[in-house]
Structure formats: structure tokens, C-alpha cells
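Q: Could you show me how to read the contacts made by aromatic rings in a protein model?

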Amino acid sequence: MKTSENTILITGGGSGIGRELAVRLQAQGNIVIVTGRRLEALQTTVAGQDNMHAFALDVDDPQAITAFAKQIIKQFPQINVLINNAGIMRYDDLSTQADLSDAQAQITTNLLGTIRVTNAFVDHLKAQSDAIIVSVSSGLAFVPRADAAVYSATKAAVHVYTQCLRQQLAGLVEVIELVPPAVQTELTPGQSEREGYQPLHAFIGEVMDLLNEQPTPSEIVVERARLQRLAEREGRFAQVFDRINANAAQQRR
Ligand SMILES: NC(=O)c1ccc[n+]([C@@H]2O[C@H](COP(=O)([O-])OP(=O)(O)OC[C@H]3O[C@@H](n4cnc5c(N)ncnc54)[C@H](OP(=O)(O)O)[C@@H]3O)[C@@H](O)[C@H]2O)c1
């Protein structure tokens with residue numbers, strides 16, 4: 001990935017990982033467009049910065065995505081990088097019949113949102129030089145949290161989708177998967193102060209170092225995410241699954 005002179009669209013750029021990525025990428029000499037549902041949060045990300053732009057977009061809304069892509073490609077025809085970062089996480093209890101609106105919302109935002117935004121930009125990106133699509137999955141795609149079953153399943157699906165996208169776009173668009181470990185953001189209430197989670201700045205620092213490697217690795221896996229990413233490959237899945245789920249149970253108590 002070129003380190004500068006890209007025009008980058010980030011979904012979910014009004015907070016957490018998306019906001020920090022946006023700020024760091026802009027500081028490196030890129031034009032950055034941030035989107036999300038809360039325009040006010042996006043405006044805070046771009047406040048006082050050159051070459052940063054904020055637009056409201058709900059990735060749950062297919063018609064809004066189509067209209068947005070048309071508008072943004074017209075306004076920024078040089079756009080060459082898409083970062084699918086928007087996501088939500090909910091806990092679930094599968095042991096009893098329940099309302100499935102949270103399950104549906106997570107599938108819509110995390111999986112369908114990634115698929116729909118990618119679909120809206122793929123033809124444009126294919127025609128650009130140095131084109132990149134980044135999908136944000138999770139360590140939970142590789143070793144799931146049982147109390148976040150649907151969330152983990154959406155991230156496993158994002159991983160598989162990203163592998164297939166990489167194969168289908170080989171030679172046209174570079175496809176990168178970003179695999180965060182547990183990071184201190186407000187993805188779930190109170191998480192930004194949760195002990196044991198990686199501080200956001202330290203995480204983004206490692207991510208930027210990996211993104212700036214030439215060639216950029218096809219998977220951005222920071223040190224803390226390696227345990228989960230490699231567990232199955234290294235024959236330690238059961239051990240890591242038990243540890244993650246014991247920690248999760250303690251955290252929720
Ligand atoms: N933090 C972690 O521990 C961790 C670990 C693994 C993976 N991840 C992934 O990293 C990504 C970023 O999460 P984060 O930790 O930075 O949490 P976050 O601060 O809550 O960021 C999520 C962003 O997604 C946006 N978003 C949610 N639903 C949306 C929708 N329907 N349309 C458009 N934007 C939407 C939110 O903005 P609005 O509310 O304004 O729409 C928000 O800015 C997510 O995909 C998450 O699953 C995080």
C-alpha cells in the first residue's frame with residue numbers, strides 16, 4: 001500500500017479504530033473521507049484538518065450506499081482505498097429462545113455492510129492504480145467468544161469473504177484484512193477502560209507500522225492478535241478458546 005497520496009474512504013470513522021486510522025492516515029499525506037451514522041462525531045474527527053471530509057452514511061441502508069458511492073466517486077474520482085471498518089458488537093444468549101433483532105443488526109452491519117459497500121465501489125476501484133480494499137474482521141473470527149456468538153460468526157464470515165475477494169481481485173485490487181485483538185474503544189459499553197484490552201493508540205501504532213511495510217502484508221495482525229489468529233494453525237485452538245471464554249465470563253460477571 002502506498003503510504004501517502006491515496007484518497008481513502010473509511011466507514012465508521014467517527015470513533016475508535018476508524019477515527020484513529022483516519023487521523024494517522026491523514027497525517028501521512030493522504031486525503032481521508034470518513035463516514036458513519038453520527039455526523040457530529042465525524043465532524044469532530046475532521047475538525048480543523050486539511051484533506052479530511054465527513055459524510056453521513058448508514059451502511060445498513062443499501063439505497064443510501066448506492067447514492068453515496070455515486071456522489072463520492074463524482075466528487076473524489078481519484079478515490080483508491082476503501083476501509084470497511086463500521087461494525088457493532090452485541091452479547092447473546094443462545095440457550096433460550098430470544099428476540100433476534102440484535103443478531104439481524106450485526107449481520108446487516110458487519111457482514112452485509114461490508115459486502116454492500118465493497119460492491120458499490122469495486123468497479124471504480126478496479127480502474128484505479130494502487131487500489132486497496134481493507135476489511136476489518138477480529139481475532140474472534142479465528143477463536144470465537146461464546147457469549148458474542150453472532151458477532152464472532154459475522155467476523156468469521158468477513159474473513160472468508162475477504163479471502164474470496166482477494167482471489168477474485170488478484171492483480172486488480174490489493175485486498176487486506178485487519179484483525180484487531182480486544183482494543184480499548186466503545187465498541188461495547190465500558191470497553192474503552194477495560195483492563196487487559198490493548199490501548200487504542202498502541203494498537204494503531206502497530207497497525208500503521210504494518211500498513212506501511214512494503215509490500216503490505218495481506219493480513220494486518222498485531223502482536224496481541226497473533227495468539228487467536230494462529231491458534232488453529234498451531235494446534236492450540238481448544239486451549240485458547242477456553243482461556244478467552246474464561247476471561248469473557250469473568251469480565252461479564
Ligand atoms: N475494539 C475492539 O476490541 C475490536 C476488536 C476486533 C474488531 N473490532 C472491529 O473494529 C471495527 C471498529 O470498531 P471500534 O472498536 O472502533 O468501535 P466503535 O468506536 O464503536 O466504532 C464502530 C464505528 O462503526 C460505526 N457504525 C456502526 N454501525 C454503523 C452503520 N450502520 N453505518 C455506518 N457506520 C456504522 C460507528 O459510527 P456511528 O455509530 O456513528 O454509525 C462507529 O464509528 C468494528 O468493525 C469492530 O467490530 C473491534
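The dialogue below goes through ring pairs and charges over rings.

A: This is a predicted model, in which local features need pLDDT of at least 70, side-chain atom pairs count only at pLDDT 80 or more, and totals for chains, interfaces and linings use all residues. Residues are numbered from 1 along each chain as its sequence is written, and side-chain values use heavy atoms, with hydrogens and water left out.

Q: How many aromatic pairs does a search of the whole structure find?

A: Rings of Phe, Tyr and Trp (its six-membered ring) pair if their centres lie within 6.5 Å, and planes under 30 degrees apart count as stacked, over 60 as edge-to-face and the rest as tilted. Here the search finds 4 aromatic pairs. In one of them, Phe55 and Phe68 have ring centres 6.2 Å apart and planes at 65 degrees, so this pair is edge-to-face. Because Phe55 belongs to strand β3 (residues 52–56) and Phe68 to helix α3 (residues 62–75), the pair ties together parts that are 13 residues apart in sequence.

Q: Are Phe55 and Phe68 buried or exposed?

A: Buried means under 20% relative accessible area, exposed over 50%, and partly exposed in between (1.4 Å probe, protein chains only). Both Phe55 and Phe68 are buried. The rings of Phe237 and Phe241, with centres 5.8 Å apart and planes at 20 degrees, form a stacked pair; Phe237 is partly exposed, at 26% relative accessible area.

Q: Which ring does Arg252 lie over?

A: A charge sits over a ring if NZ of Lys or CZ of Arg is within 6 Å of the ring centre and within 35 degrees of the ring normal. Arg252 lies over the face of Tyr91, at 3.9 Å from the ring centre.

Methods: Helix = DSSP H or I, 4+ residues; strand = E, 2+ residues; numbered from the N terminus.
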